[in-house]
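The structure comes first, and the notes follow by topic.

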Amino acid sequence: MDLILETLAKELDRKPEHVENVVRLLDEGATIPFIARYRKELHGSMDDQLLRTLAERLQYLRGLAQRREAVKASIEGQGALTDELSAALDAAATLAELEDLYRPYKPKRRTRATMAKEKGLEPLADLCWAMGGRCVPEEAARDFLDSEKGVETVEDALQGANDILAERISDDAGIRKELRELYQRRGLLVSKAADKEPEDSVYRLYYDFKLPLGRAQGYQILAINRGERENVLKVSVELESETAHQAIRRLTVPGRAAMDFVRAAADDAWDRLVQPSLERELRSALTDEANEGAIHMFALNLQPLLLQPPVKGKVTMGLDPGYRMGCKVAVVDPTGKVLDTAVVYPTYGEKQKRECIAALSKLIRKHGVAHIAIGNGTASRETEQMTVELIREVGGGVSYMIVSEAGASVYSASPLAAAEFPQYDVNLRSAVSIARRLQDPLAELVKIDPKAIGVGQYQHDMPQARLSEALDGVVEDCVNAVGVDVNTASPSLLQRVSGLTAATAKNVAAYREENGPFTARKQLLKVPKLGPKAYEQCAGFLRVPESKLVLDNTGVHPESYTAAERLLNECGYTLADVAAGELAELKARAEGIGYAKLSETCGAGAPTLADVVKELLKPGRDPRDELPPPVLRTDVLEAKDLQKGMELKGTVRNVVDFGAFIDIGVHQDGLVHISKLPRRVKHPSELLRVGDVVTVWVLEVDEGKKRISLTMQQPT
């Protein structure tokens, strides 16, 4: 364990005692959000992302340690564990290095080498290896002929000795390491069309593709892998044959230049054993790296999408566009409660469109609708055009926004949606979800499997368990960063709170249904199966606006209430001043006294007290309110309206390895290629995040292929 802690501290460039504290907290069942927010003194104020990296590496290193012990036990059971081998196993820093060392001792299926050993040919192989140029293999082989064992000829004996030596060379950890590094330096990722005369497809760029392994991008690897699975591409990792043969001969037979037999065995080892094995290994490593990159990108995109500012306090109309089944309509009040529903048919013809506008105008006036959320799926363009006419018809005062409906159909057909809206069919549930996504994206999107939200690349090709783990972590961090109103949050939102499970979240909701709204945080301890440990983890993230104690509606943890009151007293304030919002000089006074000195009198660490000050200044605050508001529109653009060089404002919808997709108010998102960003970067995520509002210029519009090329480099 000490070695693991040292490794983590070195890799993360953190103090060993901080790393040890985090590991202890994790082992005690603390969640990442709780550790990040309320245990800063113990870990030196690491953020949640660094803590998750630490947790992932801890899991890997513990798995490596367990595997190391299992390998040692296996080798020791064979009576082959030496001090030198044991030291080498201890020094192995990766599973690949460990498995290379274990390879010669690993129980194998029946191979050509094992069959040759059964025929008694291992001494011949040892003789050829040991004697070097002084051995004449053909003469030595005569002593090993044995018709009963199937060694009829000299050629049979030599072939068996070759097979033994080839496997021995292939199993040598040092040789494999050198050849793996050579492959990584000099190898090429190659893909070709599977058919001699391939049809045009999305894989056309990879019909004759060749790139050094070190330069292959994650999205290229994932595209090639998918093309291979669909039998469109043939893929290989290639290393120039003579280079490979020279390398394995050099590693295998130094000083045995005259030993043609051993050289031939080395060549056979490369061609038959090492090369196929390393190619599989490198392809797997490339895929793993590409998957991790794509998962990281998905997580980066998901966070700002979940944290996009809500459009609060307004009656909102949700439109789920469609052709055959019509456009589904739902009107919800400022809290998301459904006020009205309808189905209209704006795409059936001019008459039906006028009827649609009349019906929606009536709903807008009846309920005081301020905003319209339009799903971006089928018939979205026609629905948007109808909406613009609708806004003109009602005389303005209403704005609209195109909302991603990714995952809305998944939610609508889920048991959760059926339980929430048993009176509505699947299509109307989707319209409700779209309206609520504009009002509070986080509260609505947590009801959907994060993989279905669609802000990544090749997400369906990822290892699903690993993707779910990473995305669930992002959702957890976002929910806890914002905080949750315990009296209005759905069970779906509550279960993402630190320390709560699906079962305890349902119990919280059931308790307030039975007993009325919570009026104090301490009441959470009365919820069935929500014990002291769960309370410790969740309390700071749950807000109770109805509480008489203002601290219950802040991010101050109950364990720090006494410290908060002492801090206020030291700075000349009271809790009544917090409730009245009269703390204009609190931060300046605290900094004037000094957090180090306040720590002594308040009984809490400086980082905790700094956070307490921030929370006291804005009780009940929503950090999303500090972000730029979403772009609401009152008019519509079409692709045919776009002109080269036209300047537009747009919203980043997705960031991928090769660029970013921007919503510019037409039906099709435009692409800003990485080469068209304002400055040179390794990855677009260095400059852009989902939800950013940016200025772009039109480069090219291809209506036939529905492609819009944009640039963020101002035309000269």
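Arg-168 is partly exposed, with a relative accessible area of 32% (buried means under 20%, exposed over 50%, and partly exposed in between, with a 1.4 Å probe and protein chains only). Its salt-bridge partner is Asp-126, and the closest N and O atoms of the two are 2.8 Å apart (a salt bridge is a side-chain nitrogen of Lys or Arg within 4 Å of a carboxyl oxygen of Asp or Glu). The model is predicted: local features need pLDDT of at least 70 and side-chain atom pairs count only at pLDDT 80 or more, while totals for chains, interfaces and linings use all residues. Residues are numbered from 1 along each chain as its sequence is written, and side-chain values use heavy atoms, with hydrogens and water left out.

**Salt bridges**

- Helices (H or I, at least four residues) and strands (E, at least two) are DSSP runs, numbered from the N terminus.
- Asp-126 is likewise partly exposed, at a relative accessible area of 33%.
- A second salt bridge joins Asp-208 to Lys-192, where the closest N and O atoms lie 3.6 Å apart. Because Asp-208 belongs to strand β2 (residues 208-212) and Lys-192 to strand β1 (residues 188-193), this pair ties together parts that are 16 residues apart in sequence.
- Asp-208 counts as exposed because its relative accessibility is 65%, whereas Lys-192, at 41%, counts as partly exposed.
- Glu-389 and Arg-354 also meet through their side chains in a salt bridge, at 3.3 Å from N to O. Glu-389 lies in helix α17 (residues 380-393) and Arg-354 in helix α16 (residues 350-367), so the pair ties together parts that are 35 residues apart in sequence.
- Glu-389 is partly exposed at 25% relative accessibility, and Arg-354 is partly exposed with a relative accessible area of 35%.
- Glu-389 and Arg-354 belong to a network of salt bridges that also links Glu-350, Lys-353 and Glu-393.
- Across the whole structure, the search finds 52 salt bridges.

**Surface patches**

- Patches are made of residues with over 30% relative accessible area and no salt bridge; like charges are joined within 9 Å, and nonpolar side chains (Val, Leu, Ile, Met, Phe, Trp, Tyr) within 5 Å. Accessible areas come from the Shrake-Rupley method with a 1.4 Å probe, and for residues only the protein chains shown count as cover.
- Lys and Arg count as positive and Asp and Glu as negative, while His and the chain ends are not counted. The place of a charge is taken as NZ of Lys, CZ of Arg, CG of Asp or CD of Glu.
- Glu-138, Glu-139, Glu-152, Glu-155 and Asp-156 form a negative surface patch.
- Two helices, α10 (137-141) and α11 (154-171), each supply at least two residues of this negative patch.
- Glu-155 counts as exposed because its relative accessibility is 55%.
- Val-343, Tyr-345 and Tyr-348 make a nonpolar surface patch of about 270 Å².
- Val-343 sits in strand β6 (residues 338-344) and is partly exposed, with a relative accessible area of 38%.

**Cysteines**

- How many disulfides does the model contain? The count is zero, a disulfide being a pair of cysteine sulfur atoms within 2.5 Å.
- Cys-538 has its closest cysteine sulfur in Cys-478, 19 Å away, which is too far for a bond. Cys-538 is buried, with a relative accessible area of 0%.
- Cys-602 is in no disulfide either, and the nearest cysteine sulfur, that of Cys-571, is 7.6 Å away. Cys-602 counts as buried, at 2% relative accessibility.

**Overall make-up**

- The protein has 30 helices and 15 strands.
- Of its 716 residues, 50% count as buried.
- The C-alpha trace spans about 105 × 70 × 55 Å along its principal axes.
- Arg-204 is found in the loop between β1 and β2 and is partly exposed, with a relative accessible area of 36%.
- From C-alpha to C-alpha, Arg-204 and Leu-306 are 35 Å apart in space, and they are 102 residues apart in sequence.
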